[in-house]
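Have the viewer open as you read.

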Amino acid sequence: MPVTVVETVRRKTDPKCHATTCRDGNCSLLLHGVPEPSVLISLEHEAAPVAVGKPRSDYLFLGSDKNSGLWVAPIELTESKADFSKFAPQLRAGAAIADKLLPKNIPKVKFRPIAVHGGIHRNEVNKFRQSRNKISFREKSVSIELTRCGSPLANALKD
C-alpha cells in the first residue's frame, strides 16, 4: 500500500506536536467531518518543526480523501476581534512550514489559510479580502478564510 502524503508528513514530524484538538484559549475549531486521513500539527508545541523565536501559525492541518484531494491549511486562532496585521504574518509562516514539510512533487494541493476569530469589524473584513493580502503557497495566492470560533474546520475547507 503506498504511503500517503499525510502519512509522509506525520512521519517527518515529532508525534509530540500532533494534536487532537484545535484550540487557543477559548477559541477552537471542531474537527469532525474533516478529510481523512489527516494530521493536525500544533506549531506552538516545542517539538514542532519550527525554529525557536520564528513566527508560526497556531496549527497546520493536512487531510486527504478520495473526494476532496489533499488539503493544506495553516490555522491561526484568536478569541478576540480579527486583526489582519496579526493574522497575516502567522499564516504566511504556516504556509512556509507546510511547503518545507510536503514533498515537492505533489501536483494538486488545495491550500486554505484559515483565520479563526471571536468577531470582526467590517474594515478588517475588507483588509482580509484585498487581493494584495492573499497568502502565497507554491506559486498560488489564496485569500484567507475567515471563520468564527466554535465552527467546524470541515466548513472552512469546502470549495
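A residue is called buried when its relative accessible area is under 20%, exposed when it is over 50%, and partly exposed in between, using a 1.4 Å probe and protein chains only.

H2 covers residues 84-101, 18 residues in total. From first C-alpha to last it reaches 25 Å, close to the 26 Å expected at 1.5 Å a residue (the expected span being 1.5 Å times one less than the number of residues).

## What you're looking at

This is a predicted model, where local features need pLDDT of at least 70 and side-chain atom pairs count only at pLDDT 80 or more, while totals for chains, interfaces and linings use all residues. Numbering starts from 1 along each chain as its sequence is written, and side-chain values use heavy atoms, with hydrogens and water left out.

## The whole chain

The chain has four helices and 10 strands, in the order α-β-β-β-β-β-α-β-β-α-β-β-β-α along the sequence. Its C-alpha trace spans about 50 × 30 × 30 Å along the principal axes. The radius of gyration is 15 Å, which agrees with the value near 15 Å for a compact globule of 159 residues (C-alpha atoms; the rule is 2.2 Å times the number of residues to the power 0.38).

Buried residues make up 47% of the 159. Counting contacts (heavy atoms within 4.5 Å) with a separation of 6 or more, 70% are between residues 24 or more positions apart.

## Charges

There are five salt bridges in the structure, each one a side-chain nitrogen of Lys or Arg within 4 Å of a carboxyl oxygen of Asp or Glu. In helix H1 (residues 5-12), Arg 10 and Glu 7 sit three residues apart, about one helical turn, and their closest N and O atoms are 3.3 Å apart. Glu 7 also bridges to Arg 11, again at 3.3 Å, N to O. Over in helix H3 (residues 122-129), Glu 124 pairs with Lys 127; Glu 124 is buried at 9% relative accessibility, and Lys 127 is partly exposed at 36%. Shared partners join Glu 7, Arg 10 and Arg 11 into one network.

## Sulfurs

A search of the whole structure finds one disulfide, defined as a pair of cysteine sulfur atoms within 2.5 Å. Cys 27 joins Cys 149, S to S 2.0 Å. The partners are 122 residues apart: Cys 27 in strand E2 (27-29), Cys 149 in the loop between strand E10 (145-148) and helix H4 (153-156). The S-S torsion is about -100°, so the disulfide is left-handed.

Cys 17 is buried at 1%, and its sulfur lies 14 Å from the closest cysteine sulfur, in Cys 22, too far for a bond. The sulfur of Cys 22 has its closest cysteine sulfur in Cys 27, 8.3 Å away, which is also too far.

Terms used: Helix = DSSP H or I, 4+ residues; strand = E, 2+ residues; numbered from the N terminus.
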